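Reader: I'm new to reading protein models. Could you walk me through this one?

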Amino acid sequence: MKIFRNQEAAFKDWIARHSDDGYLLNCVKGKAGTGWPYMLHRADCNRFTTLNRRSGQNFTTHQYYKVCSTKMADLISWAKRERGENVPKCKVCL
Ligand SMILES: [Zn+2]
């Protein structure tokens with residue numbers, strides 16, 4: 001499992017290499033249990049293949065960071081430890 005914070009190039013490299021078998025959690029920075037719910041996606045979800053047109057980077061900078069793994073169960077249990085609740089799944093890709 002890998003956590004990407006302010007690492008745009010490394011994150012994009014990871015989802016490119018794991019487009020077939022990877023999953024990611026889209027997380028809001030902040031204290032555990034605060035902010036918006038985390039969301040579980042496939043690595044090839046089309047929400048992460050387009051760039052913020054103004055900055056060219058918006059995946060792991062600003063308010064978001066990503067937790068990536070090839071094991072969906074690992075991400076679900078990590079999110080449960082962080083937030084104490086079941087993580088919702090993206091309706092587009094899962
Ligand atoms: Zn998705």
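Predicted model: local features only at pLDDT ≥ 70, side-chain atom pairs only at ≥ 80, totals over all residues.

Reader: Which strand has the highest confidence?

Author: Let's start at the other end: confidence is lowest in β2, with a mean of 90. The highest, at 94, belongs to residues 2-4, strand β1.

Reader: How many residues of strand β2 are buried?

Author: A residue is buried if 20 or more other C-beta atoms lie within 10 Å of its own, exposed if 12 or fewer, and partly exposed in between, with C-beta atoms placed from the backbone. Across the protein, buried residues make up 24% of the 94 residues. Strand β2 (residues 23-28) is mostly covered, and the buried count out of its six residues is five.

Reader: And over how many bridges do β2 and β4 pair?

Author: Two strands pair if DSSP finds at least two bridges between them. β2 runs antiparallel to β3, joined by four bridges, and there Leu 24 has His 41 as its bridge partner. With β4, Tyr 23 stands opposite Ser 69. β2 and β4 are antiparallel too, and their bridges number six.

Reader: Is Phe 59 buried or exposed?

Author: Phe 59 sits in the loop between β3 (39-42) and β4 (64-69). Its contacts beyond four places in sequence (C-beta atoms, placed from the backbone, within 7 Å) are Glu 8, Phe 11, Phe 48, Tyr 64 and Lys 66. Because Phe 59 has 21 C-beta neighbours inside 10 Å, it counts as buried.

Reader: How far apart are the end C-alpha atoms of helix α2?

Author: The expected span of a helix is 1.5 Å times one less than its number of residues. For the 12 residues of α2 (residues 72-83), that should give 16 Å. The model agrees, since the end C-alpha atoms are apart by 16 Å.

Reader: Which residue just after α2 takes a positive phi?

Author: Look just past the end of α2, where phi is about 70 degrees. The residue there is Gly 84.

Notes
Residues numbered from 1 in each chain as written. Helix = DSSP H or I, 4+ residues; strand = E, 2+ residues; numbered from the N terminus. Contact = placed C-beta atoms within 7 Å. pLDDT = per-residue confidence, 0-100.
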